[in-house]
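Here is a short note for your review. Please read the points alongside the model.

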Amino acid sequence: MILVIIAITSVISIIALYNSDLFYRLKFNPFLVLHSKQWYRFFTHAFLHAGWMHLFFNMWVLYLFGEIVIDGYCSLFGTKGYYFFVLLYVGAIMISSLPSFGKHKNDPYYSAVGASGAVSAVLFASILFYPTGKIMIFPIPIGIPAFIFGILYLIYSAYMSKRGGDNIGHDAHFWGALFGVLFTIAIEPRIALYFVEQVRLYISG
């Protein structure tokens with residue numbers, strides 16, 4: 001499933017990079033969503049990327065952590081785990097876009113693209129399953145525990161969202177990450193207890 005999502009996203013993103021009309025019609029523009037009723041843009045923007053590095057980074061993170069989440073869901077729910085993963089990914093696309101919609105719904109010049117909100121949801125869902133797994137942060141030469149990375153990621157995203165000015169959708173990163181955590185706990189509350197216990201053992205041991 002992860003490879004299918006990566007393939008579809010990559011094909012559409014690459015075509016749109018060389019087709020400005022398609023890029024314009026699919027990107028997230030809150031003004032057009034509200035005033036032209038183009039609600040589909042809440043979802044289609046996740047299949048566009050601003051460039052090759054933007055596409056590569058998002059798809060690489062999805063590839064690294066997506067299987068962890070699918071395996072975790074399937075271990076809990078059997079084949080229904082795939083269904084929950086689709087809900088996680090698609091739900092995060094929309095939920096992570098809502099703050100930007102609220103801020104920019106009357107700004108015809110604001111637009112956004114990328115699957116970062118959905119990828120953040122997948123990443124943070126994986127942290128619930130493996131909170132003490134190591135994640136690398138450039139330029140730190142060693143991996144840090146995933147739960148510590150998660151805390152730093154949320155703090156940084158919230159700070160940069162308020163600061164702004166770098167043309168990156170930190171709102172989408174922050175709310176996508178929170179959605180990944182809350183959705184996973186909602187479908188299986190015991191995962192929260194597992195997460196807390198794993199963190200406790202790590203800190204005490």
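Terms first: buried means under 20% relative accessible area, exposed means over 50%, and partly exposed lies in between (1.4 Å probe, protein chains only). This is a predicted model, in which local features need pLDDT of at least 70, side-chain atom pairs count only at pLDDT 80 or more, and totals for chains, interfaces and linings use all residues. Residues are numbered from 1 along each chain as its sequence is written, and side-chain values use heavy atoms, with hydrogens and water left out.

1. Fold. The protein chain has 11 helices and 2 strands. These are DSSP runs, numbered from the N terminus: helices are H or I with at least four residues, strands are E with at least two. The order from the N terminus is α-α-α-α-α-α-α-α-β-β-α-α-α.

2. Overall dimensions. The C-alpha trace spans about 55 × 40 × 30 Å along its principal axes. The radius of gyration of the protein chain is 17 Å, which agrees with the value near 17 Å for a compact globule of 205 residues. That radius is taken over C-alpha atoms, and the globule rule is 2.2 Å times the number of residues to the power 0.38.

3. Of the 205 residues, 43% are buried. Contact means heavy atoms within 4.5 Å. Among contacts with a separation of 6 or more, 70% join residues 24 or more positions apart.

4. Surface. The accessible surface of the protein chain comes to about 11100 Å², and 71% of that belongs to carbon and sulfur atoms. The areas come from the Shrake-Rupley method with a 1.4 Å probe; for residues, only the protein chains shown count as cover.

5. Helix H8. H8 (116-129) has 14 residues and reaches 20 Å from first C-alpha to last, close to the 20 Å expected at 1.5 Å a residue. The expected span is 1.5 Å times one less than the number of residues. H8 is mostly covered, with 14 of its 14 residues buried.

6. Serine 120. This residue is in helix H8. Serine 120 counts as buried because its relative accessibility is 3%. Leaving aside neighbours within four places in sequence, serine 120 contacts Tyr153, His173, Gly176 and Ala177. Its C-alpha is 8.7 Å from that of valine 61, 59 residues away in sequence.

7. Helix H10. Residues 170-187 form H10, whose 18 residues reach 26 Å from first C-alpha to last, close to the expected 26 Å. Its buried residues include His173, Gly176 and Ala177. The buried residues of H10 pack against H5, H6, H7, H8, H9 and H11.

8. Histidine 45. Where is histidine 45 found? Histidine 45 is in the loop between helix H4 (41-44) and helix H5 (52-77). At 6% relative accessibility, histidine 45 counts as buried. Beyond residues up to four places away in sequence, histidine 45 touches Leu26, Lys27, Phe28, Ile93, Ser97, Ala112, Val113 and Gly114.

9. Lysine 37. Please check the backbone here: lysine 37 has a positive phi of about 60 degrees although it is not a glycine. Lysine 37 lies in the loop between helix H3 (30-35) and H4. Lysine 37 counts as exposed, at 56% relative accessibility.

10. Tyrosine 82. This residue belongs to helix H6. At 39% relative accessibility, tyrosine 82 counts as partly exposed. Apart from neighbours within four places in sequence, tyrosine 82 is in contact with Met1, Ile70 and Cys74. Its C-alpha is separated by 30 Å from that of asparagine 29, 53 residues apart along the chain.
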